[in-house]
Amino acid sequence: MATKREKNYKILDIDPYIKPYAGDIRLRMDLYDQAKKRLLQKGQSLRDFASGSLYYGFHRAKGGWTYREWAPNATAMHLIGDFNGWDRSAHPMTQLEDGDWELFVPGEMPHGSLVKVQVTADGRDFDRIPLYANRVVQDPTTGAFDAVIWAPKRAYRWHDKEFLRKKTTPPLVYECHIGMATEEEGIGSYAQFTKNILPRIQKEGYNTIQLMAIMEHPYYGSFGYQVSNFFAASSKYGTPEELKKLIDTAHSMGITVLLDLIHSHAVRNTSEGINCFDGTEYQFFHAGAKGDHPAWGTKLFDYGKDRVLHFLLSNIRYWMEEYHFDGFRFDGVTSMLYHHHGLGVAFDSYDKYFSMDTDVDAVTYLQLANQLIHEIDPAALTVAEDMSGMPGTALPVRDGGLGFDYRLSMGVPDFWINTLKTQRDEQWDMGRMWYELTTRRPKEKNIGYCESHDQALVGDKTIIFWLADQEMYWHMDKASQSIVIDRAIALHKMIRLVSFSLAGEGYLNFMGNEFGHPEWIDFPREGNNWSYKYARRQWSLADNGLLRYGDLLAFDTAMLGTLSGNRIFGRPAQLCLLDQDRKLLCYQKGNYLFICNFHPTQGQNAQFDLPAAGTYTQVLSTDDVRFGGFDELCGPAPQTATQGENNTLQWVLPPRTAVVLRKKGGR
């Protein structure tokens with residue numbers, strides 16, 4: 001009988017290149033099993049364990065309120081706030097076991113009260129925001145942050161019970177930032193997003209939204225990636241109830257809602273963050289240089305500490321149960337997985353994945369997190385942002401993986417940007433394109449995309465900017481004549497179509513990129529005189545019938561409407577024709593044929609054998625006049641022909657055009 005250490009996890013059969021590292025996989029699984037035995041009491045589930053928000057923080061009790069904190073290095077703690085006139089001696093806390101502190105406050109703490117906790121440690125007194133604060137606000141005059149007692153008389157009433165039973169897949173993800181989703185020069189609100197943007201997303205055909213910058217963060221310009229208060233929905237955009245209504249409304253539209261979860265690091269601020277909460281740098285984070293991210297200037301969690309695991313896992317449960325999030329996009333997974341955080345490392349060998357540079361404690365945490373999420377909601381979606389390509393990231397934990405449902409196809413946008421930066425159109429490599437869009441780890445599902453918010457930030461350039469550059473400012477009106485804009489419009493659509501159909505089992509787009517938003521993202525800062533001009537989305541450009549942005553939006557909507565669902569996602573791609581000289585790429589997925597002519601000047605006659613017999617009709621063309629094309633055909637009308645046992649298809653395409661054909665009788 002095989003011992004547990006000799007167990008052959010499926011990942012070893014799925015990817016034969018991992019077999020030399022079988023010992024590493026078994027070590028990871030042993031550490032995962034040991035963590036569960038150590039953390040969970042008899043009969044306890046991960047959900048039961050992840051109950052920090054139900055114990056710590058502020059809770060109504062008979063005759064008053066109970067407040068608890070974890071601060072092992074503290075020697076005294078006092079609750080202060082406007083409810084007690086900020087009296088630093090009126091409400092001392094009692095020390096319990098294991099670094100816990102408790103206080104009962106008799107009577108009422110009014111809804112909206114501002115509070116902080118004074119911590120005494122190592123002979124010093126300092127004020128901190130409670131760790132489990134569920135609302136934190138900034139004083140507009142002083143800039144100081146305070147926690148808020150948020151206890152409205154009426155709890156939000158949800159209406160999404162039916163939706164929660166059945167989620168929408170495969171995911172077509174619309175990556176959103178609430179604050180910059182308004183066209184006005186300012187910070188947008190949850191309410192505005194619910195009213196104005198959710199209907200747009202639904203109309204365009206996206207079935208999933210990924211909400212960025214929701215967890216409270218002091219610096220707006222961090223894009224939400226330097227979190228200070230992990231249990232607080234950002235007050236920059238409105239109230240918790242308004243966020244709940246946003247999510248509830250999205251569910252009523254059939255839209256899944258993912259939270260962009262930041263568990264890879266935290267802001268180093270102490271007065272408004274969790275850093276040095278009890279006076280030590282190592283309460284949540286590694287001590288010394290190991291606890292500082294060398295590139296981001298942030299603090300790094302010590303995933304080897306049980307109380308850190310408890311805090312982070314409790315955070316996951318809180319967002320799912322309090323706000324009904326349907327899953328998470330885990331940010332910075334590469335930084336978590338390796339002690340070097342992936343900085344300056346080329347992952348060109350399996351040795352780079354399985355070595356002393358790998359943070360096995362982080363591996364265990366990610367496995368626990370994914371198990372917890374799917375324990376709470378088996379239909380939940382988890383997505384890993386990992387540029388290293390760690391094997392098994394999107395395989396179940398039981399098979400030796402990390403447990404994510406999807407990984408982001410992060411190499412695809414790098415391929416597109418590199419191609420646009422370094423190669424003339426006639427140099428585009430069809431073989432390399434096919435390889436980059438179709439090569440991924442076996443049995444692991446990907447979210448494909450050609451660009452995200454990363455490419456839209458100042459310091460980078462979106463695809464439309466690489467293609468059109470300054471011409472966008474002068475010739476995007478339909479009355480203009482510009483070969484630069486014609487090229488940009490044509491390739492923008494083709495790049496999206498091949499990425500959508502080949503790069504994953506799901507798809508992602510950052511808001512506005514689908515219609516070629518003309519401005520990059522630049523949050524208010526001293527260098528731009530604290531302007532919001534570039535921290536917004538100009539939706540009116542896409543709605544203006546005189547501009548070509550609307551053509552790109554129309555194509556994106558048609559692409560999603562024609563090809564969404566299970567019609568192509570999850571189906572294997574069969575290469576039918578790859579002609580480097582003529583820049584032709586033709587392939588089949590399910591009942592759909594994709595015929596792409598990337599040649600910049602020459603129309604091409606694409607003739608090739610079909611994988612299966614049938615008659616095919618055109619259902620989508622990038623050259624359609626509705627999408628800013630010219631409805632040109634070069635040569636005879638498209639036709640199908642059967643020759644003996646070979647089923648040969650012939651289709652004539654103009655330059656820079658792609659068409660999608662559907663097999664008769666197919667969906």
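Two residues are said to be in contact when heavy atoms lie within 4.5 Å of each other. By that rule R200 touches W539, A542, D543 and L553, not counting residues up to four places away in sequence. The model is a predicted one, in which local features need pLDDT of at least 70 and side-chain atom pairs count only at pLDDT 80 or more, while totals for chains, interfaces and linings use all residues. Residues are numbered from 1 along each chain as its sequence is written, and side-chain values use heavy atoms, with hydrogens and water left out.

R200 is a handy place to begin a tour. This residue is found in helix α6; here helices are DSSP runs of H or I with at least four residues, strands are runs of E with at least two, and both are numbered from the N terminus. R200 counts as buried because its relative accessibility is 17%. For reference, buried means under 20% relative accessible area, exposed means over 50%, and partly exposed lies in between, using a 1.4 Å probe and protein chains only.

Two packed helices are described by the angle between their axes and the distance between the axes. Helix α6 (residues 190-204) and helix α17 (residues 549-563) have axes that come within 8 Å and cross at roughly 60°. Axes are lines fitted to C-alpha atoms, for helices over the stretch in contact, and angles run from 0 to 180 degrees between N-to-C directions. On the α6 side, R200, K203 and E204 meet L553, D556, T557 and L560 of α17.

Attention now turns to strand β11 (residues 208-212), where I209 has its place. I209 counts as buried because its relative accessibility is 0%. Leaving aside neighbours within four places in sequence, I209 is in contact with several residues, among them Y174, C176, F193, L198 and I201. The list also includes L246, A250, I255, T256, V257 and L258. The C-alpha atoms of I209 and I18 are separated by 34 Å, and these two residues are 191 apart along the chain.

Rings of Phe, Tyr and Trp (its six-membered ring) pair if their centres lie within 6.5 Å; planes under 30 degrees apart count as stacked, over 60 as edge-to-face and the rest as tilted. The count by this rule is 47 aromatic pairs. One of them joins F223 and F523 edge-to-face, at 5.0 Å centre to centre with 75° between the planes. This pair links distant parts of the chain, 300 residues apart: F223 is in the loop between β12 (215-216) and β13 (229-233), and F523 is in the loop between β19 (506-510) and α16 (539-543). Both F223 and F523 are buried. Y587 and F594 form a stacked pair, 4.9 Å centre to centre and 10° between the planes.

Charged side chains meet rings too. A charge sits over a ring if NZ of Lys or CZ of Arg is within 6 Å of the ring centre and within 35 degrees of the ring normal. R135 lies over the face of W150, 4.6 Å from the ring centre, and the charged end of K461 sits over the ring of W466, 4.3 Å from its centre.
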